[in-house]
Amino acid sequence: MTPILQVKAVETYYGNIRALAGVDVEVQKGEIVCLIGANGAGKSTLMMTICGSPQARTGQILFEGRDITRMPTHEIARLRIAQSPEGRRIFPRMTVYENLQMGASLDNLKYFDEDVEKMFTLFPRLKERQSQRGGTLSGGEQQMLSIARALMARPKLLLLDEPSLGLAPLIVKGIFEAIRKLNETEGLTVFLVEQNAFAALKLSHRAYVMVNGQVTMTGGGRELLANPEVRAAYLEGGRH
Amino acid sequence: MEYFVQQLVNGLTLGSIYGMIAIGYTMVYGIIGMINFAHGDIFMLGGFAALIVFLALTSLFAGIPVVLALLIMMIVAMIMASLWNWTIERVAYRPLRGSFRLAPLITAIGMSIALSNFIQVTQGPRNKPIPPLVSSVYNIAGISISLKQIIIILITAILLSVFWYIVHRTPLGRAQRATEQDRKMAALLGIDVDRTISVTFIMGAALAAVAGTMYLMYYGVVVFTDGFIPGVKAFTAAVLGGIGSLPGAVLGGLLIGLIESLWSAYFTIDYKDVATFSILAIVLIFKPSGILGRPEVEKV
């Protein structure tokens, strides 16, 4: 079976600085795959490169077997790749409700009413805040909104950049539980970047470890969790 | 008292025209953070398009109803101005996106000069008068209100309502606001950012063209330099109201119209521009973001 996402020998540059140095990643349909690594390893750059912003200088990115390396960002989004990006990027002067509407713009709000109810069940907090401006939400609420907004697009592939950032442990648990449930019941494919390696590895079917713009290790989620090297670098002392 | 109310009406009329032009400045600034200095000339171009349509209509169909003539003038002017502004954005500003901030600004000044010179060369440098289109004047409690003024204020009110509806209640408007707030995120959600920016230029130009048509009808004359002074005034209106804010642009326009006509009424007319810009300076000293400009209180 062709993987839903294939990243082949991708190099991305910011000016003259090489942020990704030949990255290979594969995500199969229906999988939860996680990417862990230290700050500045290039995890978020990989997420954005998949969406064509910035574009990869060399290498190839295939989505459902189709080359998307040189596609403009909005066309990639229209293939149903949704991202909850680094920094959440909530539209600050739009209400929570409008932010969710933006997430559903691909289908012109066709499934909006139905989907928004689902999101409000998943994150009841958003329902309370629906007419509040995005910029006035707390960090955690913004994080929920960012994930919900991405889900509103009915994605085939969901990219999550640090969904646990700035959230209370209990809420993190809830979000990870929600991701697992969406994966199990609806077969949602998820590729996520996490600092919270312990929880992420437990959740994921497979994982990649990134160091200095390169993938150095790969394996099953629980397999990496047991790996002494991974434990030493990303888990010990950082266990939540 | 009557004199005062009279000046108020005159000021509102003038202010409506400024407000319609100011919206184009403020929208473009909001969405790509540049001042489209050619916008005043788009207004002038709209006036010329209306003039040409008027001349064509009256020579082809003598005795055409004024309402119909005005409507056709307005629509053609809107189409022409939109086409011009779209083209300018496409060929002159878009290639400079992502370059340093001054580059599109200087290009905009260049486009402004190019447009007014183009009109000067093709249409001649002299004032272009038209006979009065609507001349009825009503007398209400000692105040004379001309039909022209009523038309201008009414059309402005209608167009602004339509405009407000588009920006706040339609998917297009939502895409525009999203692009304004975070261009990259809008693209990640499947919004064609370039197209959204083009539409913004088209909408701004259409309003400026209506203002141009109204200006022609009100003053009965248009000349190739007309883009400059009303353009600068409208830009001032946008800044005064808070650049980037739509209600601000309208408010700023009305204020500037009122200041001008009241100043001319009670003080020397020669100093009306001095008064306008002094008030701008004073407002900006105490409220640098303009009257309705948004204070930046966003959480990061």
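Tutor: Two strands pair if DSSP finds at least two bridges between them. Keep in mind that this is a predicted model.

Start with strand β9 of chain A, residues 206–211, and strand β10 of chain A, residues 214–220. They pair in the antiparallel sense. Six bridges join β9(A) to β10(A).

B:Tyr138 has B:Ile145 in β3(B) as its bridge partner. Two residues separate β2(B) from β3(B). In the turn, B:Ala141 has a positive phi of about 50 degrees.

Back to the strands of chain A. Four of them make an open sheet in the order β2-β1-β4-β5, with antiparallel pairing. The edges are β2(A), residues 17–27, and β5(A), residues 66–67, each pairing on one side only. Strand β1(A), residues 5–14, meets β2(A) over eight bridges in the antiparallel sense. There, A:Glu11 is bridged to A:Ala21 in β2(A).

A parallel pairing occurs as well. Strand β6(A), residues 81–84, runs parallel to strand β7(A), residues 157–161, over four bridges. A:Ser84 stands opposite A:Leu160 in β7(A). Which way do the residues of β6(A) point? A:Ile81 and A:Gln83 point one way, A:Ala82 and A:Ser84 the other. Both sets are buried.

Now the chain as a whole. Chain A has 10 helices and 10 strands. Its C-alpha atoms fill a box of roughly 45 × 40 × 35 Å along the principal axes. Take the contacts in chain A with a separation of 6 or more: 66% of them join residues 24 or more positions apart.

Helix α3(A), residues 96–103, shows how burial is arranged on one element. Its buried residues are A:Val96, A:Asn99, A:Leu100, A:Met102 and A:Gly103. Viewed down the axis of α3(A), they fall within an arc of 155 degrees, so they line one face of the helix. What covers them? The cover includes α4 (112–122), α5 (124–128) and α6 (139–151) of chain A, together with α6 of chain B.

One of the contacts of A:Leu100 is A:Ala148. Leaving aside neighbours within four places in sequence, A:Ala148 also touches A:Met119, A:Leu122, A:Phe123 and A:Leu126. A:Ala148 belongs to the largest nonpolar core, which has 159 residues. Within that core, A:Ala148 and B:Ala81 have the most contacts. Helix α8(B), residues 193–219, gives the most to this core, with 16 residues. In soluble globular proteins, nonpolar side chains tend to be buried together.

Next, where the chains touch. The contact takes 22 residues from chain A and 18 from chain B. On the chain B side, the elements that give two or more residues are α6(B), 171–181, and α7(B), 183–188. Helix α6(B) gives the most to that side, with six residues. By type, the chain B side divides into nine nonpolar, two polar and seven charged residues.

Finally, one residue within chain B. B:Met111 sits in helix α4(B), residues 102–123. Is B:Met111 buried or exposed? It has 25 other C-beta atoms within 10 Å, so B:Met111 is buried; the cut-off is 20 or more. Leaving aside neighbours within four places in sequence, B:Met111 is in contact with B:Ala38, B:Ile88 and B:Ala92. B:Ala38 is 73 residues from B:Met111 in sequence, yet their C-alpha atoms are 5.7 Å apart.

How values were computed: Residues numbered from 1 in each chain as written. Chains lettered and ligands numbered in written order. Predicted model: local features only at pLDDT ≥ 70, side-chain atom pairs only at ≥ 80, totals over all residues. Contact = placed C-beta atoms within 7 Å. Nonpolar A, V, L, I, M, F, W, Y, C, P; charged D, E, K, R; others polar. Buried ≥ 20, exposed ≤ 12 C-beta atoms within 10 Å, placed from the backbone. Arc of directions from axis to C-beta. Core = buried A, V, L, I, M, F, W, Y, C linked by C-beta atoms within 7 Å.
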